[in-house]
Structures are given as structure tokens and as C-alpha cells.
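Have the sequence and the 3D view open side by side. The report below walks through selected parts of the fold.

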Amino acid sequence: MKKFRSLDKAVLEDYKCGDGSSSPAPLGSMLRVSKIVYYFSTIRDFVNKYDEELHKDEEVQQSKSSDRHKHKKFVKFVNTTNVITRHCNDNERHLKSTLIKKPILLSEILTFLRENRNFIQECTDLFSDDYVLRPLEDQLKSPDDFPKLNMEDDFEMLLERKFDADVVEFDDEFDNNELLFAIVVNRTEKRIICVFRGSVSGGKDWSTNTKVFRTKVGDIKDADKDLGLKEFGNMGLHRGFANYLFSDEWTKDGLPSKFEQIVETLREIRTKRDRNGNRYKDYSIFVTGHSLGGALSQLLSFALAGSTLTRDEFPKPVTAITFASPRVGNRDWLREYQSLEKKGHLRHIRVSNDGDRVCVVPTFPIGYLQTGVNVHLYSNKKADVDYNKQRSRFSAIQCSNPLTMHGLDSYYERLVGNERNQRIMKYSVEKFYKKYATEKITENVDEYDVYGFKEADHTAELYRDFLSS
């Protein structure tokens, strides 16, 4: 799993929108929530790996694979239910539709970390796990004998700033090798946020990444179910991304598609009220993710805004804030996406990094295009912001170390750490659209050919001739 530094204080700042908007600026806010979910995911992976009681459950469920645990050491963590709800009483359920049995509070995660320092050792090696189990002699000591974990500092700063948010859904309750999403209720900013994790090494995520060929909504497995997307049947979508979100082949037996699960949970959340009596129904809906998670965020935000099952029910606009997202669909997808933007139903701020090759793939002959307002980051100058910016497939090749340009740490450094970007860090979503997109949403999508090249791009003639021969 990739390493991340502690939250920068700038990310923890409550950036106020410079246009008088009452809601906090979205870029820092989404980085903050993404970091919380990443931390939560990391500590859950660690507990799932080493907790003695959870291992017993796993042996019952997966007896065939028990040999792989034969030589593994297990421990008894303190207050495991603060991060894993499997053994919580069903009577504690706040939401009937969720996989986790109760909301996870930031204060509970912090308490778990403090009480288990004698088991958790941070790694400095870039290519190892984030945490390893401490030696037996350390485990016998008091947690107070060890220094605070970096993660603790970040949670303490969030709580000191009265940041009020709970993780109400987390989609890895029994399988931490699966792609996952989380749903966070952010009372501080009155937002309900669906967060997708990016690609991790191996497993189903990369299988999803590599299924790049196009599919149509009507051709997705189990598309006989009414997902409310039949009017968009001609869109060409990345097969792996679309199947993961809209098909039930990725879910456990008996469970509906991820899209249906998310919609059901959002509906249930919106029937509740927060601690101050405010209706969650009045909260705005955001979707965010990095890498593969960014691609799924594009698809989910589009579906929530456009599906006949949800478009008259959920507040508009549905907003996606993505980082390092690959391309998702063809020019028909872009046309439908822009149609929802014109109606004010959908917004997308897409952050890309100069030199990050993932942001310009899949490439020809697939013909996929990017969407939304693009914030393109550099190391030594301010970000370039434009609408519907289709970056060249060849621009990222110039980077000498492209892997470092894709990591979320690099995005943090170039967006938050670059003082030249302080102004856009204060922009609201609508300011981004008013300043950069108002006159461009009406651009003719048909200027792009089936390969994703502009018809007037004479440098692409060689590729058209080759691909059509």
C-alpha cells in the first residue's frame, strides 16, 4: 500500500470560499475526507490481518484458505469494535442498509490507536506495509510507553478544530482485498460524501483497471435490472469501471450492485437528522476518489444525477471532486455528461498532475475523453484551470518518474504545498464553473472523432490512417 505523509496543516484549514458561498471550498475538504478514509482503511487492514478473534471468524468462513495463516502471529487488540463492527450487537444498528453495524466516530478511531500502540509499529520503508506488528517484548508493555503514531496527531488536530464527521458505511466488512467505497456524513460542512479508494497492488482493482474496452449500459451484466439509465444506452463506457459499479458480479451472493447499495444507503441516511436536528435530506451530495476511485466517482456522480431512480430525489447538483482519474467513456458519454452540467444537475472538478500518465489513459483506439473543470498541477507554477481540457496522451511521457506523479502525496504537495494555488483552494464549485465553464459547456462534442482526437488535429492523421487500415 502506498505511503502518505501526515495531513498538512493547510489541508486541515477550513478554507472559506472567496465568492461569499456559505459552504467550505471543496478541494481541501475532499482531501481531508479522503485522508480520513485512507487512514481508516489502513488501520482496518492491519486489524483484519492480526486480530485473533477476527481470524477465528475468517477460519469459519474461509476454511479452505486457512493454510495461509498457519505461521501468522495474532494478538488481542483493545476495543476492536471501534474500527471493526463485525462483533457489535445488531441492535446497535443505526442504518439497516449498511455493512458496518454502527457509525465509526473519529474519536473512537483515535482511542483505538492510543490503546494499541504496543501492537502497532509504523514503517518507514516505502515499499513495505504502513504498519507491522511490534515484537512480543513490546506487546507486553503499556501503550503509554510508546510515542504517538503520526495518525494520532492528525485525528487530534481534526477533533481540536471541531471537525464533526462519521464513517457510516465501509464496504470491506469481510473482504479487505476488494475494491471499496465509504460513505461519510460530514456535519461540519453539511455534506454526504461517497469516497472510493484508488487502486492497490494486485487483486480485483487491477482486474477492473485493465478491462478497458467499451461497453454500453444495456450490455452490462444484469442490465435487465432497472438502474434508471436506459436513456443513456448508447454511451460507450470503460467496461471494467461500468461493470464494477452497475453489475452484481463484483458483490457477494445475494447483494445488489454497488450502485444500488449506495443509492439505498443514501436514501436511508436522508431520512435521518443530525445531532442538531437538521435533516440530512438538506445536505449536499459529493463523490470523491483517487485514481481508479476517481473514475468510479465520475460514473457514480453521473448516475446519481441522471438516473430516473435518483435524479428527482437527490439534491442538485451532485458534485464529483476527483484526483488522478483515468478516462471513463467516449464522446457520447461526454455529450450526456455536458447535458447534465448544462441543467445544473452535475458538477465535476477534476484534478490532474503534470506527468501523471494515468490521467490520459485509456488512449487510442478506445476514444475515451475526460470531463469537467480540469485543475492541472505543476511543481513550479500555479495550476492551469480550464473546462473540458483533453490533455495530450504524449504530454505525460516527458516525465522521468511517472509513478511518483500519480501518488496522492504528489497531488498534496503540488496543490496544497504550492503557494501559487492558494486562490483556487478558496474557490467554490460554482465559482470554478462560472469562471471556466459557463461559455464552454456548449462546445461541440462532435469535434472529437471516434478515437478521441479533434477532427482538426492534423497531427493525428497518422494514427487515424493506421487504425482504419
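Buried means under 20% relative accessible area, exposed means over 50%, and partly exposed lies in between (1.4 Å probe, protein chains only). Helices (H or I, at least four residues) and strands (E, at least two) are DSSP runs, numbered from the N terminus.

## About the model

This is a predicted model: local features need pLDDT of at least 70, side-chain atom pairs count only at pLDDT 80 or more, and totals for chains, interfaces and linings use all residues. Residues are numbered from 1 along each chain as its sequence is written, and side-chain values use heavy atoms, with hydrogens and water left out.

## Helix α6 and its partner α2

Start with α6. Its buried residues include Met-151, Asp-154, Phe-155 and Leu-158. These four residues of α6 meet Arg-32, Ile-36 and Tyr-39 in α2. Contact means heavy atoms within 4.5 Å. The residues of this contact divide into five nonpolar, no polar and two charged. Here Ala, Val, Leu, Ile, Met, Phe, Trp, Tyr, Cys and Pro count as nonpolar, Asp, Glu, Lys and Arg as charged, and the others, Gly among them, as polar. After α6 comes Lys-162, with a positive phi near 60 degrees.

How do the two helices cross? Two packed helices are described by the angle between their axes and the distance between the axes. The axes of α2 (residues 26-50) and α6 (residues 150-160) come within 12 Å and cross at roughly 135 degrees. Axes are lines fitted to C-alpha atoms, for helices over the stretch in contact, and angles run from 0 to 180 degrees between N-to-C directions. α2 and α6 are therefore oblique to each other. (Angles under 35 degrees count as roughly parallel, over 145 as roughly antiparallel, 65 to 115 as roughly perpendicular and the rest as oblique.) The crossing of α2 with α6 is left-handed: the near helix is turned anticlockwise from the far one by less than a right angle, while clockwise would be right-handed.

## The sheet

Nine strands form an open sheet with mixed pairing, in the order β1-β4-β5-β6-β9-β10-β11-β12-β13. β1 (104-105) and β13 stand at the edges with a single partner strand each, so one side of each has no neighbour in the sheet. Two strands pair if DSSP finds at least two bridges between them.

Look at two of the pairs. β10 (residues 318-323) and β11 (residues 346-353) run parallel, joined by six bridges. β12 (residues 373-377) and β13 (residues 384-387) are antiparallel, with four bridges. Val-375 stands opposite Val-385 in β13. A hairpin of six residues joins β12 to β13.

## Helix α10

α10 (residues 292-306) packs against α11 (residues 331-342) at about 55 degrees, with the axes 11 Å apart. That makes α10 oblique to α11. Their crossing is left-handed. Among the contact residues are Leu-299 and Phe-302 of α10, and Trp-333 and Leu-340 of α11. The residues of this contact divide into six nonpolar, three polar and one charged.

Leaving aside neighbours within four places in sequence, Ser-297 is in contact with Phe-196, Val-287, Thr-288, Gly-289, Ala-320 and Thr-322.

## Glu-260, for contrast

Glu-260 lies in helix α9 (residues 258-269). Glu-260 is partly exposed, with a relative accessible area of 23%.
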